[in-house]
Amino acid sequence: MEWEFLLVQALSGLASASSLFVIASGLTIVFGVTRIVNFAHGSFYMLGAYVAVTVVPWLLEIERSPWLFFAGVLVSALVVGALGVVMEVLLLRRIYRVPELFQLLATFGVVLIVQDVVLLVWGPVDIPGPRAPGLRHGVEILGQRFPAYELFLIFVGPAVLGLLWLLMHRTRFGVLIRAATQDREMVGALGVNQAMLFTGTLFLGAALAGLGGALQIPRASANGQMDLSIITEAFVVTVIGGMGSVPGAFIAAVLIGLLQAFGVLVFPKITLVLVFLLMAAVLVVKPWGLLGRPEAVAGRAVLPEGILDPGRLDGAGKALAALALAGVLALPLLDAYAVKVGTEVLILALAAFSLNFLVGNGGIVSFGHAAYFGLGAYGAGLLVVRGGVPMEASLLAAPLAGGAFAALFGFFVVRLSGIYLAMLTLAFAQIAYAVVFQWVEVTGGDNGLVGVWPSRWAASREVYHYIVAAVTIAAIIFLRRVIHAPFGATLRAARDSAQRADAIGVDVRMHRWLGFTLAGAAAGLAGGLYAFSKGSIDPTLLGIPMSVDFLAMLLLGGIQSVLGPIAGAAAFHAVKDFFMPLTDHWRLFLGLSIIAMVLVFPRGLAGAWASLRRRPA
Amino acid sequence: MAEHVLEVTGLRAGYGPAEVLFGVELHLARGEVAALMGRNGAGKSTTLKAIMGLLPPRAGSIRFAGQEIAGAAAYRIARMGLGYVPEERRIFTDLTVAENLDVGRRAAPAGRAPWTPERLFQIFPNLAEMRHRRGGAMSGGEQQMLTIARTLMGNPEAVLLDEPSEGLAPVIVEQMAEAVLRMKAEGIAVLVSEQNLDFAAAVADRALILEKGSVRWQGSIATLEADEDVRRAYLTV
Amino acid sequence: MTLLAAEGLTKRFGGVLAAKDVTFALEAGEMLAIIGPNGAGKSTTFNMVGGQLRPDAGRVTLAGQDITGIAPRAVCRLGVGRTFQVAQTFLSFSVLGNVQMALIAHHGQTRRLLADAAAMHRDDALALLDRVGMAAQAARPIGELAYGDVKRVELAIALAAAPRLLLMDEPTAGMAPAERTALMALVAGIARGQGIGVLFTEHDMDAVFAHADRILVLVRGEIIARGTPDQVRADPEVQRVYLGHSGTRAAARAQRAHG
Ligand SMILES: Nc1ncnc2c1ncn2[C@@H]1O[C@H](COP(=O)(O)OP(=O)(O)OP(=O)(O)O)[C@@H](O)[C@H]1O
Ligand SMILES: Nc1ncnc2c1ncn2[C@@H]1O[C@H](COP(=O)(O)OP(=O)(O)OP(=O)(O)O)[C@@H](O)[C@H]1O
Ligand SMILES: [Mg+2]
Ligand SMILES: [Mg+2]
């Protein structure tokens, strides 16, 4: 390869890095101050692009001047900033004290709502944007033509970095933001109106996302998938750079931009794997990212969110469990549809239970649990479809696949804690998703694979239902037992105080890793069962929406209770199954319900049940 | 009454299902230093947090400078001139000493000389040497001094001080007592929560003893020092 | 034989020399206090012994074995128990459960998947709680206890590992005066009775002068005085830079009260 070519490749890498940084910097600032990982940041980016493809052509009608183009871009950023303010005032302000898991869920609710709103306003068809007047030509660099607009983008990143640095270090607003990043309550006690500070931060963060989106329009048309695709990249950048660190995000964006630009030359198909390797390498050396700092240890210990006392089942609880079991066994007496729903509920119950084993019992908030569910499904499904292996053996492969990948990803994940950990699980899940999606020869890509059917003896819905019942109930009983056993207690202990656990000689990281692997295996088993119940596998099994479904089940069931997630899975699945066919706007509906649940029902069904019973008769 | 800068009546507060304060009654005169004493868990910190608006009061009235502040947001209360120094030294560890002070800065009320970093460094000479050090790289005691200095930057009329002598070397405790007396000399009223009777005696005019969430005894410090029965009953010294 | 020996421990943070050539030794059953002004380097020294910080230079040996720079977890397994300035316990567990957890860890049983954790080591845990006077509260959630009692439970947790050495950084911080004395008396009794060495830092002069066998005074990272409580209290330099009037008075009071 010649020199000139490499140079152009490097330049285009830098141009991508620049846009990526603009977006990620907003995410990292908002996270720093509010401690909320804002999923809707990707939605702001998408809205920035949609607003720009609406506003900019309209302005260019007046005159085809570069100034009007950039005025349009800026207006789009400001409009999106204003939407950020709306989100802060209507939603975030109410959930700053809610457990972080539910904050994440609530912002994902916003993602769903925005998706439907965009569909309603702009329709399903991609909208191409105008090119920037004055920057449409190519620039001659060492004999190679390079688009002028890309060259311009290269300068945007450092300019934004410089402005943000000045803002953070030379203005009082910036110093206050940095202070609030650490202790917002104390900032309030010193007389600073935190509400204004937070609103201002959301404006800044959303405007940066909007700017990133608006700047994209000459390069790519606005479309409805922009939100989730960019949010993964932005997450990866913030994780590598260190969450809350703007300069870190810059370095990470440049690394990733260059890696992708050159990676394409070497491994055209799997640049994502390179990104993964980079992230893994950074996290092994610096678990908190390049320029990140560990989360400050809380002064006075607070009671953790999650299972407090696993307890025993009392009379009423036993009766309830027996009733549920009888229902499961009696389902085949009803119609075929009931059997189908019942089978699915059992499988989802196992998945949700395994997630609560991490979240409720271990304080390990995994936001990408669907990855292990889906990889289990693929593990089993590929063996059947590509290898001709029978169901019995393939089902064994499901927990192995889920567990193996949980062990691999978990090795990095358990080095972090809290919200950092949640981000990382999500990033890994997205990488798994992308690989499954892109590796068409093996996985069938977007369409997935069909023909994942049970063996002949188990082919009837009823028989398969009983198989599923036997396997899932046994697995749930086993996991419940583990929660009561020393291993489960050790995970709870490490969640309560990692410092104390370390001081009594517990290898906290090792135990978390084993727990993560166990939960991944259980989720993989559930995924395998799911594949055979559907007869097919596709990438949505690993997607963010699937992970969100699992979390919504926990939210509905209550993470404080051992068995609540099972009830949550049943309720969630029943409701979704009932409502989805009724409306075209199920995403809007689901998003609003998730937010409503977070706001009014934060302890879930089990919490409601417990307080009902605690009330004196 | 006008001469009371702070007046609390029937204050109730708690955490979730746990009730901690059951009708606290107290007042603080202008320019006065009063010590809020009591055993661990008696509710001293809870009282201060509830006054400051960091914990929503469940009942009762809190009047500061003649205005009702119960239920107001902490920042509003701080802007009215009430300062708060928490017990867990919550300095901003990523910010330098100078930046920490800057976060606390608020304009002084008319007619009063504002606190500046230079004036504060006279009271806390240790801090002067580490103006540009990150808060996180300071020892526990150094952080304690910074929290007080930071609060004074807001030019408060009254300050709630939660266990300022905790974790300080004896010589520094003496310095801290001098700092409180300097504040008093500047006309700042101070409500200081304290378990250390020596320190309380050195700085306060009056003591209030909190027990199980309400004020059980109050009187002058001299009386408290003389009355062994009260001390044994409430302070277990 | 010397239980713990620190030789020439040095730690620098950027421009700050937090500990410089700190050397001391501790015998089994002995209580050694490190005192000094704020920022003197006490916690730094402490963390170099406990494995939280790796010294830039110097060596730490435990009963002759070199433990310089090994992880806290490994230090614990060699028989070093620890309490924290802000008590660290497992808040979602009962008092008994906290000690049971420590015993499970001590016996290396944390990976068992099927046993019933709540039924393990009950009697041993109760016996430990009895030693710190907390057996009557065994069934209560630890979050409900008064802070002084939490500190006692923390001591029982540290004792569960049958330590040879206890490290206590500001053990009585945040406690009421009477509870401070009681806790230190308890520690002293256990340490002397079982030949456990105790290294502690403390700003409460009553606690230090009533119970320490020897005292080390650290100022700006350097040891400026060492010796028995009497020697240290009488040292004019120590009085000037650390004790002040009130500290000297408290020290005298404590020693008188203790005979
Ligand atoms: N964040 C919290 N959540 C729940 N309970 C709390 C919380 N903070 C304090 N408590 C409880 O409230 C009660 C009063 O605590 P508070 O901190 O006000 O006491 P205190 O008098 O300041 O004691 P100390 O001398 O230990 O600082 C205690 O029983 C304590 O356990
Ligand atoms: N991570 C760090 N980076 C830079 N300087 C540090 C760091 N940790 C401690 N120091 C400095 O080292 C010195 C010793 O600190 P250390 O915490 O050991 O003091 P200490 O004797 O325990 O004080 P205190 O009694 O107030 O707790 C202090 O001046 C402190 O500012
Ligand atoms: Mg307190
Ligand atoms: Mg210290």
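**Sheet, interface and ligand sites in the predicted model**

In chain C, four strands form an open sheet in the order S2-S1-S4-S5, with antiparallel pairing; two strands count as paired if DSSP finds at least two bridges between them, and strands (E, at least two residues) and helices (H or I, at least four residues) are DSSP runs numbered from the N terminus. Strands S2 and S5 (65-66) of chain C stand at the edges with a single partner strand each, so one side of each is left without a neighbour in the sheet. Strand S1 (residues 2-13) of chain C runs antiparallel to strand S4 (residues 57-62) of chain C, and five bridges join them. Within S4(C), Thr61(C) is the bridge partner of Ala5(C).

The structure is a predicted model, in which local features need pLDDT of at least 70 and side-chain atom pairs count only at pLDDT 80 or more, while totals for chains, interfaces and linings use all residues. Residues are numbered from 1 along each chain as its sequence is written, chains are lettered from A and ligands numbered from 1 in the order in which they are written, and side-chain values use heavy atoms, with hydrogens and water left out.

Chain C is also in contact with chain A: 34 residues of chain A meet 31 residues of chain C, where contact means heavy atoms within 4.5 Å. About 2800 Å² is buried between these two chains, and carbon and sulfur atoms give 60% of this area; buried area is the accessible area (1.4 Å probe) that two parts lose on being put together, summed over both. Pro486(A), Arg500(A) and Ile504(A) supply 25% of the area that chain A buries against chain C, more than any other three residues.

Ligand 2 lies between chains B and C. Of the 20 residues around ligand 2, the nearest are Arg133(B), Ala137(B), Lys42(C), Ser43(C) and Thr44(C); a residue is near a molecule if one of its heavy atoms lies within 4 Å of it. Helix H6 (140-152) of chain B, strand S2 (16-27) of chain C and helix H1 (42-50) of chain C each supply at least two residues of this shell. The shell around ligand 2 consists of seven nonpolar, nine polar and four charged residues; Ala, Val, Leu, Ile, Met, Phe, Trp, Tyr, Cys and Pro count as nonpolar, Asp, Glu, Lys and Arg as charged, and the others, Gly among them, as polar. Oxygen atoms of ligand 2 are found 2.5 Å from a polar backbone atom of Ala137(B), 2.7 Å from a polar side-chain atom of Lys42(C) and 3.1 Å from an N or O atom in the side chain of Glu142(B). The protein covers 84% of the 640 Å² of accessible area that ligand 2 has on its own, as computed by the Shrake-Rupley method with a 1.4 Å probe.

Ligand 1 is surrounded by residues from chains A and B, so the site is shared between chains. The shell of ligand 1 holds 14 residues, the closest being Gly41(B), Lys44(B), Ser45(B), Thr46(B) and Gln195(B). Helix H1 (residues 44-52) of chain B gives the most to this shell, with three residues. An oxygen atom of ligand 1 is 2.6 Å from a side-chain N or O atom of Ser45(B), and a nitrogen atom of ligand 1 is 3.4 Å from a side-chain N or O atom of Tyr15(B).

Key: A polar contact is a pair of N or O atoms within 3.5 Å; within protein, one must be able to donate a hydrogen and the other to accept it, and residues adjacent in sequence count only if both atoms are side-chain atoms.
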